[in-house]
Amino acid sequence: MTATDTITTRSLMREVLETFPGAQRALFRRYHIGGCSSCAFRPDETLAEVCRRNNGLDENEVLAHIRLSHEQDANILIEPKELADWLARENSVRLVDVRSREEFEAVRLADSVLLSQDVMRQILGEGTNSRPLVLIDHQGRQALDAAAYFIGHGLQNVRCLRGGIDAWAQEVDRNLPRYEVGAVA
């Protein structure tokens, strides 16, 4: 039995989010739950309570949607070594870093660019899915939100670096400095 099998409609939202990191994005996208203060949920509420409070949504349907979204997230992840091989043979891959400017300036992948309004407009303005887009974050969590944005705007050739730049530093380039967000030296 995997961790995803242990989640039920009686699970606390804290447990749902730990097991399915994209659950809040999935809930907001389909049901407009969890995106703002008026539709928020508490970590100590069960998924069933959240469904009841939101127009009596079918609990099993909502859980199935969270599971499906989790599978779809997994399908766009690219392993660090797979990306390294891809970059070695293909020069059209666009690397876009979604971390803070400070993180990006401290450590980054060669040829990556920091996501900005200008970069976003350029990507969306190309109107093509022919150029692969790989999103990079610190540990592989925020990039999925950015991927959802680009996919929602019609891009299909979007991937996210599994484990982010931290996994890259551990699995591909051990000379790349590692860090913890919010860590005090």
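1. Two rings of Phe, Tyr or Trp (its six-membered ring) are taken as a pair if their centres lie within 6.5 Å; planes under 30 degrees apart count as stacked, over 60 as edge-to-face and the rest as tilted. By this rule there is 1 aromatic pair. The ring centres of Tyr149 and Phe150 are 5.6 Å apart and their planes stand at 80°, so the pair is edge-to-face.

2. The model is predicted: local features need pLDDT of at least 70 and side-chain atom pairs count only at pLDDT 80 or more, whereas totals for chains, interfaces and linings use all residues. Residues are numbered from 1 along each chain as its sequence is written, and side-chain values use heavy atoms, with hydrogens and water left out.

3. Are the two residues of the pair buried or exposed? With buried meaning under 20% relative accessible area, exposed over 50% and partly exposed in between (1.4 Å probe, protein chains only), Tyr149 is partly exposed at 35%, while Phe150 is buried at 1%.

4. The charged end of Arg108 sits over the ring of Phe104, 4.7 Å from the ring centre. The criterion is NZ of Lys or CZ of Arg within 6 Å of the ring centre and within 35 degrees of the ring normal.

5. The largest pocket holds about 310 Å³ of space. Its 16 lining residues include Pro21, Gly22, Gly140, Arg141 and Leu144 as the closest to its centre. Helices H3 (23-31), H5 (59-76) and H9 (142-152) each give two or more residues to this lining. A pocket is an open set of points on a 1 Å grid over the protein atoms alone, where a 1.4 Å probe fits, with protein on both sides within 12 Å along at least five of seven lines; lining residues have an atom within 4 Å of a point. A volume is the space filled by probe spheres set on the points, which are joined across faces, edges and corners.

6. The second largest pocket has about 190 Å³ of space. H3, H5 and H9 each supply at least two residues of its lining, and H9 gives the most, with 5 residues. Among the lining residues are Arg25, Asp73 and Ile151.

7. An open sheet of 5 strands has the order E1-E5-E4-E2-E3, with parallel pairing; pairing requires at least two DSSP bridges between strands. The edge strands are E1 (77-78) and E3 (112-114). Strands E4 (133-136) and E5 (158-161) are joined by 3 bridges, and Val134 has Arg159 of E5 as its bridge partner. Helices (H or I, at least four residues) and strands (E, at least two) are DSSP runs, numbered from the N terminus.
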